[in-house]
Amino acid sequence: MQFHKYDVVIVGAGGAGMRAAIEAGQRTRTAVLTKLYPTRSHTGAAQGGMCAALANVEEDNWEWHTFDTIKGGDYLVDQDAAEIMAKEAIDAVLDLEKMGLPFNRTPDGKIDQRRFGGHTRNHGEAAVRRACYAADRTGHMILQTLYQNCVKHGIEFFNEFYVLDICLTETENGPVCTGAVAYELATGEIHVFQAKAVVFATGGFGKVFKTTSNAHTLTGDGMGIVFRKGLPLEDMEFYQFHPTGLAGLGILLTEGARGEGAILRNASGERFMERYAPTIKDLAPRDIVARSMALEVLEGRGAGPNKDYVLLDCTHLGAEVLETKLPDITEFARTYLAVDPVKEPVPVYPTAHYAMGGIPTNVHGEVLRDNDHVVPGLYAAGECACVSVHGANRLGTNSLLDINVFGRRAGIAAAEYAAGRSFVDLPDAPAAVVEEQVSHLLSDHGRERVADIRTELQATMDANASVYRTEETLKQALHDVQALKDRYEHVAVQDKGKRFNTDLLEAVELGFLLELAEVLVVGALERKESRGGHAREDYPNRDDTNYMRHSMFYKQGEGLKSDIRLDYKPVTFTRYKPMERKY
Amino acid sequence: MTAATAEQTGTRGTMPPVPEGAVTVTVKVLRYNPETDSEPNWQSFGVPALPTDRVLNLLHYIKWYIDGTMTFRRSCAHGICGSDAMQINGVNRLACKVLVKDLMARKGKQTTITIAPIKGLPVHKDLLVDMEPFMEAFRAVKPFLITYGNEPTRERIQSVADRERFDDTTKCILCACCTTSCPVFWTEGSYFGPAAIVNAHRFIFDSRDEGAQERLDILNDAEGVWRCRTTFNCTDACPRGIQVTKAIQEVKRALLFRR
C-alpha cells in the first residue's frame, strides 16, 4: 500500500473534474485521480453546444434560460440552483473562450449560437439561438481545452488510478471526508490519498442500459461508492433518453442537427412532432421527443423492415451545412449505418443518455448526508451530482454548462475549505474495504461470468425501465436485478494478475451497475406519476400534490443486497409556479 | 517472436447465442504479458462476427467469453475518445471505427484479422501500451493558448476565416495513430511525432494566440519538424481525417518564412 497527502483530491478527469482542477490546482496542492487517461472521458462525446444567454445573434437573457431549465425539468428543478447556472453560464462560456476554445463564429467574429431543444425566447414563444458550439464536437473541444489548461497550470494527474472508496472519519459533528482509496491499474497496488477535501466528478451510469450513448466506462463508480457509504442518492428514477441515437446502436446524433433544421419523420414521411409539440415541434425537450418517437413506433408508424425506428431527415440542410456544422454525426451515420445523411434520412431511436439524479449537493458542490447537513470535505460535480439543476429532465446543452459552472464552484469551494483547515486523521485501516473487495473478487468463489450478468441486466433495463414504464415492468426489472445480484456473489474473474487487470475492473464496475440499477427501479416504482424523463403508463399525469419532491435513497446496511430506504426532500422554489408543460 | 497459434474455444461455460448472419472469423492477436511471457506471441481466436460488427466487438467477445486476460483500452466505442488505437491488419486504426465487413476475405475464403499494439511505444500488456512518451511530446509543445496583456471582458473577436484556418487540427483526439505509424518515430524515439506537431499547429495558426514563436523554437529543435520525411503514413492513419502531413508542412513553412 502506498500513501499520499494532498490538500484537494479530485476524482475523475472529465469536464467537471478538470474544471475543478483548474481552480483548485491554482490555489492549493491538488491531485486528480482518474480511471481513464484525461481526454478519454465521455465529455468528449458531447456534440451540440453549451447554452448561455450571450445574445450574440438575437435577443436573449439569462432569466429566460432559467425559466426554460425549470420548465424543461418539469418543475422538479431547484430554482435557486437553476438561476445560478443560467446566470453564470455567460462567464462560463467566456472563460472557455479565453482558455482557447475554438467556438464557431458569427460573421462579425463573435461566438456563434444555434437553436436547441427546449431553449426559448420569452418563456416559450419560439426557439431561441442560445447554444454556443464548435461544429458538432463542442464536448471534445471543452475536454481538450480543459486538459490543455491543466497542462498549462501543471496540474498533477494520477492516470489509470481507479478510486474504489472514500475515507470518512467520524467526528462529534458527524462524518468528515478525509481521503480516497485508489487501485492502480498498472500495478494492482492500492493507494491511500489523505486529503482535506475530495471532489467527485465521476460521471454517469448509462451502462445499466443496453442501448446507450454512454461509454463502456460509464458505470456509476462515484455514485456507487457514496451510496455504499450510507450517503444518499437523489432522484435516481429520472434517467434521460436522448431521442436521436443511431437505431440499434445508440450512438448519439446531436440535437444540434434539429437545431440546424433537421426534421423527425415517421414511416409515411409525416413530421410527427407537429402533433405533439405544435409550437416548437422537433425542438421540444428530449423527454417529449423521445416519448413521441416511442409512441410512433408502438402505434405502428415506425420506419424500416421491423417498423422499429423513425427517421431523422437532414437532406434539405445541404452538404455544406452537414460538412461544416455537423461533420462528426454525418460521419457516424456513414460509418456505422452506411447511410449518407446528405442523401437519405438516418434511422434513429431513443438511447439512454444522462442521469438527472446523482449525489445530492448544494450550489457549492458540497455533498449532503441528509436533507439538512453536508459532509464536510466532500464535494461532487457534473453528471454524478444532483444539484438539482436538471430536475426531471435535462435540457440539451445544460450538461456541458453544469460541468463548467458547478465544476468550477466545487473546485473553488474545495480549495477554500482546504486552505482554512488542517488534516483530519484518517479512519483506522482506511484501505481495508478496498483490499477486501479486490481479494474477494480475485478469489475462487463461483463461475458466473461478468458479461452474462451485465448483458442480462442491460436487457431487463431496456425492456422494463426505459422510456415508458409500468408497475408490472418495473416489478419485473426489480426481480431481475435482485436475482442478478445473487448471481454476482459467484462472479468469476479469470485474470488473476496484478498488471492492468481490466477483467477485475469490469467485475468491480458491474457491482456498481447492479447497485444503481436497483435504486433507479425502486425510485421509478415508488413514483406513481409521470414527470419529465419518468413516464408511467399507469400514471400518465404529473401529480404535484403527492410527488412535487425529490427522492432520496439510502442504503440500509452492508452488502450488495441490503435494503434501500426512500426518503424525500422538498423542491426549492423562487419565482416560478408549476404550470402545465406544453410546447 | 514465435507463432504459437492456439485455436481457442469457450472455456467459461455456455457461449452467447450466435446472431443470425454471423460468420466465424479468425482474430489473431499479438499477446504479451511481461508477468508471464518472455516475449510476445500470436494467439488466434475463432469469433462469430456480423459484417456490421466493429473490431472492438470481436475483442470484447474474446475478453468476455474466451479469455478474460485479453487486455486493451477502450471507452466511447465510436471514435471520439481515442483509447483503442491498434494495428489492425498492419495499419493503425481505432478498433471501434473499423467494421468487419471492410475486412472480409473474398467469398468462400476464411477471414483472418490480425491485431497488434501500436508500434514505437513500450507494450504494458497485450494491446495496451505506455502512452506517457506520447503525452510528454504533446505537453512539450505548449499545447495551450498563450496570450499577453489584459484579457477582454467579452470574448476575443475572431473572424470566420481565421477560425477556419486551424479547424482541421482541432479535431485531434490524441489517439496516437499518426505518431505510431511514423517510421521516423519508430527509429528515433525522441522525435516529437506528428500528433505533437498537429497540436502545435492548432495554436500556431490560431489568430488569438501569441505563443507561435515559442512553439516554433521548440519545433525547430533537432527532434522537431525537420525529422519529418513526408511519408504520409500519419495522414493515412488519422481516424479523424486530419491532413496531418499538410499540417506538418505548414509548420515547416512557418519556420522557413518567419521573421
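**A buried histidine**

Reply: A:His42 is buried, with 25 other C-beta atoms within 10 Å (buried means 20 or more such atoms, placed from the backbone). This is a predicted model: local features need pLDDT of at least 70, side-chain atom pairs count only at pLDDT 80 or more, and totals for chains, interfaces and linings use all residues. Residues are numbered from 1 along each chain as its sequence is written, with chains lettered from A and ligands numbered from 1 in the order written.

Me: Where is A:His42 found?
Reply: In the loop between β2 (30-34) and β3 (50-51) of chain A (strands are DSSP E runs of at least two residues, helices H or I runs of at least four, numbered from the N terminus).

Me: What does A:His42 touch?
Reply: A:Gly14, A:Gly203, A:Asn214, A:Ala215, A:Leu218 and B:Cys76, leaving out residues up to four places away in sequence. Contact means C-beta atoms, placed from the backbone, within 7 Å.

Me: What does UniProt list for A:His42?
Reply: An unreviewed UniProt entry lists "modified residue: Tele-8alpha-FAD histidine". Such annotations may be inferred rather than shown by experiment.

Me: Switching to chain B. What is the strand order in the open sheet of five strands?
Reply: β2-β1-β5-β3-β4, with mixed pairing (a pair needs at least two DSSP bridges).

Me: Which strands stand at the edges?
Reply: β2 (41-49) and β4 (91-94) of chain B. Each has a single partner strand, so one side of each lacks a neighbour in the sheet.

Me: How do β3(B) and β4(B) run?
Reply: Antiparallel, joined by four bridges. B:Gln87 stands opposite B:Asn92 in β4(B).

Key:
Buried ≥ 20, exposed ≤ 12 C-beta atoms within 10 Å, placed from the backbone. Contact = placed C-beta atoms within 7 Å.
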